[in-house]
Amino acid sequence: MSDQPERWTEATVYLDMWVDPDKDPRDNDGPGPEGESATLADYLTSFRLTLRMKCEGLDAEQLARRSVPPSTMSLLGLVRHLAEVERDWRTWLDDPEPLPKLYGVRDGDFDGAVADPAVVEGAFRDLEREQAATDAALAAYEDLGRRVGKDGISIRELLVHRVEEYARHCGHADLLRECVDGRVGQ
């Protein structure tokens, strides 16, 4: 008997996909977004949906499972990490006092990702709140070339970094999820 889950998918058209294309909430039949800001926002939205999809249908234990040892990553830890990162990005904008960490100490986002339904609910609530706050803060900047904060980062760099952060962690989520229950991703 193996501890390795058998690979599976809900897709019926392409067996290496998460869902069939006609059921994928990230796909849009219309034309692509117009302009740089809209394009970056569209990619960010897609990666945010991808992360949520990777977590769907799992219970608290599965979400908290560190399925790729020796890594301390879990799907729940990624959700908590991204909430923490969204919060931190606002500090980059206008150099205020850093907001207190959501989960306390360094690595609290992963270390505190325990198999408790209340922790799971709180993590998704934190993520939604922090995403909305960062989205609102960034919406105040129309000029993507504007440099802000003590490091003089451009709004464009910050937006691209957000997309990159989610994209990288969606790759982690693919592997974590497949090791939890065998479901393959696209």
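Predicted model: local features only at pLDDT ≥ 70, side-chain atom pairs only at ≥ 80, totals over all residues.

Glu130 is buried, its relative accessible area being 2%, while Arg129 is partly exposed at 39%. Through salt bridges with shared partners, Arg87, Arg90, Asp126, Arg129 and Glu130 form one network.

## Salt bridges of Glu86

The salt bridges total 17. One of them pairs the side chains of Glu86 and Arg48 at 3.1 Å, N to O. Because Glu86 belongs to helix α3 and Arg48 to helix α1, this pair ties together parts 38 residues apart in sequence. Glu86 has 0% relative accessibility and counts as buried; Arg48, at 14%, also counts as buried.

Glu86 also meets the side chain of Arg162 in a salt bridge, at 2.8 Å from N to O. Arg162 lies in helix α6 and Glu86 in helix α3, so here the parts tied together are 76 residues apart in sequence. With a relative accessibility of 2%, Arg162 counts as buried.

## Nonpolar core

The largest nonpolar core contains 40 residues, and Leu76 and Ile155 have the most contacts inside it. Two or more residues of this core come from each of α1 (36–55), α2 (60–64), α3 (75–94), α5 (117–139) and α6 (155–181).

Leaving aside residues up to four places away in sequence, Leu76 touches Leu63, Ala64, Ala113, Val114, Val119, Val120 and Ala123.

Technical notes. Residues numbered from 1 in each chain as written. Heavy atoms only, no water. Core = buried A, V, L, I, M, F, W, Y, C linked by side-chain atoms within 4.5 Å. Buried < 20%, exposed > 50% of the residue type's maximum accessible area, 1.4 Å probe, protein only. Helix = DSSP H or I, 4+ residues; strand = E, 2+ residues; numbered from the N terminus. Contact = heavy atoms within 4.5 Å. Salt bridge = Lys/Arg side-chain N within 4 Å of Asp/Glu carboxyl O.
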